Structure formats: structure tokens, C-alpha cells
Amino acid sequence: MKTDSLYRRLPDLLLPWYLQNARVLPWRADREPYHVWLSEIMLQQTRVEAVIDYYNRFLSALPDIAQLAACEEETLLKLWEGLGYYSRVRNLQKAAVEIMEKHGGVFPNTYAGILALPGVGPYTAGAIASICFELPCPAVDGNVLRVITRITEDFSPIDAPKTKKEIAKQLESVYPKGSCGDFTQALMELGACVCTPKSPKCGTCPVRDLCKAKAHQTIEQLPVKTKKMQQRVEERTVFLLQCDDKFAIAKREDKGLLAGLWQLPNVLGKLTAEQAIGMAGTFGVRPAGIIKETHKEHVFTHIRWQMTCYHLQCAVQAKNYQWATLQQLESVYALPTAFRIFL
Ligand code: SF4
């Protein structure tokens, strides 16, 4: 079967399957753009199961775009704490402000209008446009690229913009009128639940009869990727400075990794216990001794932090730090997971 014909058959096979098999997820309860948008941003880089609680908590605190736009930064970051990639929530708020100021509080209802919002790329714009406004706009992410390159047995590298563009173009031409949102979600659902990266469930797949990769047993070879992400390893020494029942935290710089978030004091490189006490002495906290030494690793997209943490008993709450109890660290301050793992 020709590639065009394969695409043309997708809606008829996928829509009934999706309507019967779609997982019940909180953001599928309605097609409110704020809900779909928030879920799509949260789902970037994070698993569905992990997102559900965050999503519910976020919406209870900020039930509409106006409240998101007006939210204090500290509260916003706290709601996002643990999800990582904090620029996502900052852009979410920037976009909310823009919707309030430029669009009179109404979510834009065109693909171009949605794409123009801060933090919204072609994938998210396509998802919102099709799910919320029934526009024939594909949302092509890694899941969809995997599904399509397998069905069509396409060995083009999925990280090449040309491949994505071509697949988006082909999909757009077969978007079913009146079921655009379901079609987008059916493709996503197939990638997430059936055509998974490893051990796809071809036996229950609704498109198994037309899948070329299945017919030719090339599933294992697809999708093709060219670039490999280079990951830099960085050693860090982290200080868990405790004075009475409080711990020292400080704000990170406004730019770069974990910008503007709270952190435990830390320095580049791996210090010995002796060096760490010496270094802490320069912080003005008068360290009295080491309570515990811990080693942890935290992986960001491009960097892998290998951390040695010294929990130090200190005599002085130096003014250059904010001092917080465990309970305050839990409820008030947004401390990224990279540091929270030491508490
Ligand atoms: S038949 Fe298998 S490889 Fe083909 S789309 Fe379905 S799950 Fe993926």
C-alpha cells in the first residue's frame, strides 16, 4: 500500500479504537483550553502518572488563567516543585499575562495565535488547536513520530526537522472533520499505550493490518535517530548547613540552570570532609562538625550532577542565607529535586 493510502486509512481505524480504549485522565474531562494547555506543558518530559497529582493541585490553587497570571512567583514555583524544567511554568505565567492583557482573558482560537504564546511550540499549539478548537492541526511529538515511522516504515531520522515537517503535512491532509481532537489524542494514545518504544503490543494494535514495520519485521529498527545527546558530568559539593532546627538556603541566579529557584549552598568540584568544613568556615556559619556525608546523582537534560553532600552542624545563622525549618522547606520554598533529595 502506498504511503498516502496508509495515512488515509488512519482515522477510520484509530477513532473507534480511541473512543473505546482512551484512558480516563483528568484533563480529558473537558476541552477547556487552559486545562489542555496546562496538561500538555506538564506532560513534556514527565510521565502521565506523575503529572496527575500536580495537575489537580495546580488547578485547585489556580483554577483559571486570570489567577495564574496574578500568582506570586514563589507560589507558582512551589506548585511546580519536583516537575523540573521550571522555565515551563514561568512561560505558562508569561502566556497567561499575555492572554489577559492582549486577548482580554480569552484563549486565542487560531493555530497562529496559540503558537505565538510564550513557551508554546508547534506540538503544543497543534494539540490545543485540534483538541479545543477542532482545527486540523497535527501535534507531532516523539510518540507520534515513532508510530508513524513504523506504520509507514520510514527510515528518515525523526530528529531531522524535514521528517517532522513531512509527517505533519501528511497527517494534516487526513485530519477528519469534526473529530480532529480525538484523532490527535488517538495518535498520542497509540504511542503511549500500544506502540511503545520497547515491546510494542502489535497483537492488540488497531493498525496492525496496515503497519509496514510489523509486516516486514523492522519494528526494532524504527524510529531512526541521528543525534545523540551529549551529557556533561559535573561534580558538586553540597552543604546542608543546620543551625538549631533550621537549614540554610539561598536563591540561585536569575539566569541559567534552575534560574531563580532556591538551593542548598554548593560549590563546583568534590571536596573532602576536611575541605568542606574549611569551606563552610568561609560562609560565616561557624561549622561545628559533620553529621552525615551523602552521595547522590541528579540528571538534567545536558548535565549530570554527581554530588557529595555534607550535613554540617553550625553555630551561627549567617545573614547571607535564608534559614528555614524542614516544615517551611516543605510548604513555602521551591527547592528543586536536585537539592531536596538531601533533606
Ligand atoms: S503494529 Fe506494532 S509497530 Fe505497528 S503501529 Fe501497531 S504497535 Fe506499532
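**View 1. Buried residues of helix 5.** Helix 5 (residues 73-80) has Leu76, Leu77, Lys78, Leu79 and Trp80 as its buried residues. Buried means under 20% relative accessible area, computed with a 1.4 Å probe on protein chains only; helices are DSSP runs of H or I with at least four residues, numbered from the N terminus. The cover over these buried residues includes helix 2 (33-43), helix 3 (48-61), helix 4 (65-70), helix 6 (87-102), helix 14 (326-331) and helix 15 (337-340). Just after helix 5, glycine 82 has a positive phi of about 100 degrees.

This is a predicted model, in which local features need pLDDT of at least 70, side-chain atom pairs count only at pLDDT 80 or more, and totals for chains, interfaces and linings use all residues. Residues are numbered from 1 along each chain as its sequence is written, and side-chain values use heavy atoms, with hydrogens and water left out.

**View 2. Threonine 124 in helix 8.** Helix 8 (residues 122-133) contains threonine 124. Threonine 124 counts as buried because its relative accessibility is 2%. Apart from neighbours within four places in sequence, threonine 124 is in contact (heavy atoms within 4.5 Å) with Trp37, Glu40, Ile41 and Gln44. The side chains of threonine 124 and glutamine 44 are joined by a polar contact of 3.2 Å. A polar contact is a pair of N or O atoms within 3.5 Å; within protein, one must be able to donate a hydrogen and the other to accept it, and residues adjacent in sequence count only if both atoms are side-chain atoms.

**View 3. Residues around the ligand.** Among the residues surrounding the ligand are Arg150, Cys195, Cys202, Arg208 and Lys214. The shell around the ligand holds nine nonpolar, no polar and three charged residues.

Technical notes: Helix = DSSP H or I, 4+ residues; strand = E, 2+ residues; numbered from the N terminus. Buried < 20%, exposed > 50% of the residue type's maximum accessible area, 1.4 Å probe, protein only. Near = heavy atom within 4 Å. Nonpolar A, V, L, I, M, F, W, Y, C, P; charged D, E, K, R; others polar.
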